[in-house]
Amino acid sequence: MDAKLAYINGIFDFSVELGSLATDDSLYTAVIISLFTDRLADAGDELPDNSADRRGWWGDAYAEVDGDLVGSHLWLLGREKQLPATARRAEKYAADALQWLVDDGIAKSVSTAAEWIDMGVLALQGKIVRPDGTAMTFRFNNLWEAINAV
């Protein structure tokens, strides 16, 4: 069971129900954290702001499995052009970020797709199939806008 996150006015925030922190067991919160937390860039990655800041989450220093990283490399696309190749990279980064669900036995499979739905707007959708065959789908229609706003 996770704390439930909600997308409110362009920001992910904790949900409150009846004065208490809401909970969720649908994997939605896990998907949000996996996709929208900045994973540490690899040493050879070109950084979008030409700085030396490879970002990453501080909690990775305390990972139960050595080298286990939280988040995605979607942030690396922040200054990329609106090309089909950029959408393919977004799909790969999203699939990589969600792979832990399969590795940990929470999901049987994960699939992702990205598409340009408007000028400067990249949508990301995915499907997670649990071991019992039930599926969860998700879609974020403003992925590119969110990356560029950071």
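Two strands are taken to pair if DSSP finds at least two bridges between them, and the strands themselves (E, at least two residues) are, like the helices (H or I, at least four residues), DSSP runs numbered from the N terminus. The structure is a predicted model, in which local features need pLDDT of at least 70 and side-chain atom pairs count only at pLDDT 80 or more, while totals for chains, interfaces and linings use all residues. Residues are numbered from 1 along each chain as its sequence is written, and side-chain values use heavy atoms, with hydrogens and water left out.

An open sheet of three strands is found, with the order E7-E8-E9 and antiparallel pairing. E7 and E9 are the edge strands, each of them pairing on one side only. From one strand to the next, the twist averages 15 degrees; axes here are lines fitted to C-alpha atoms, for helices over the stretch in contact, and angles run from 0 to 180 degrees between N-to-C directions.

The pairing of E7 with E8 is antiparallel and extends over nine bridges. Within it, Val110 stands opposite Ile128 of E8. The hairpin of these two strands, E7 and E8, has two residues between the strands, and Gly120 takes a positive phi near 80 degrees there. Strand E8, which spans residues 121-129, also pairs with E9 in the antiparallel sense, over six bridges. Lys127 has Thr137 in E9 as its bridge partner, and Gly126 has Phe138, likewise in E9. The hairpin of E8 and E9 has five residues between the strands, and in this hairpin Gly133 adopts a positive phi near 95 degrees.

Accessibility is described by relative accessible area, with buried meaning under 20%, exposed over 50% and partly exposed in between (1.4 Å probe, protein chains only). Seven of the nine residues of E8 are buried, so this strand is largely enclosed by the rest of the structure.

Side chains of opposite charge can pair when their charged atoms come close. Five salt bridges are present in the structure, a salt bridge being a side-chain nitrogen of Lys or Arg within 4 Å of a carboxyl oxygen of Asp or Glu. One of them joins the side chains of Glu115 and Arg139 at 3.0 Å, N to O. This pair links distant parts of the chain, with Glu115 in strand E7 (residues 109-118) and Arg139 in strand E9 (residues 135-140), 24 residues apart. Glu115 is partly exposed at a relative accessible area of 36%, and Arg139 is also partly exposed, at 36%.

Another salt bridge is formed by the side chains of Asp38 and Arg55 (2.7 Å, N to O). Distant parts of the chain are linked by this pair as well: Asp38 and Arg55 lie in the loop between helix H1 (28-36) and helix H2 (84-103), 17 residues apart. Asp38 is partly exposed, with a relative accessible area of 24%, and Arg55 counts as partly exposed at 31% relative accessibility. A further salt bridge is that of Arg89 with Glu80, whose closest N and O atoms are 3.4 Å apart. Arg89 is partly exposed at 30% relative accessibility, and Glu80 is partly exposed with a relative accessible area of 33%.

Aromatic pairs were assigned to rings of Phe, Tyr and Trp (its six-membered ring) with centres within 6.5 Å, planes under 30 degrees apart counting as stacked, over 60 as edge-to-face and the rest as tilted. By this rule, the count comes to five aromatic pairs. Trp57 and Trp58 form a tilted pair, at 5.5 Å centre to centre and with 45 degrees between the planes. Trp58 also pairs with Tyr62 in an edge-to-face arrangement, at 6.3 Å centre to centre and with 75 degrees between the planes. Trp57 is partly exposed, with a relative accessible area of 37%, whereas Trp58 is exposed at 64%. Tyr62 is exposed, as is Trp58. One aromatic cluster is formed by Tyr28, Phe36, Phe138 and Phe140.
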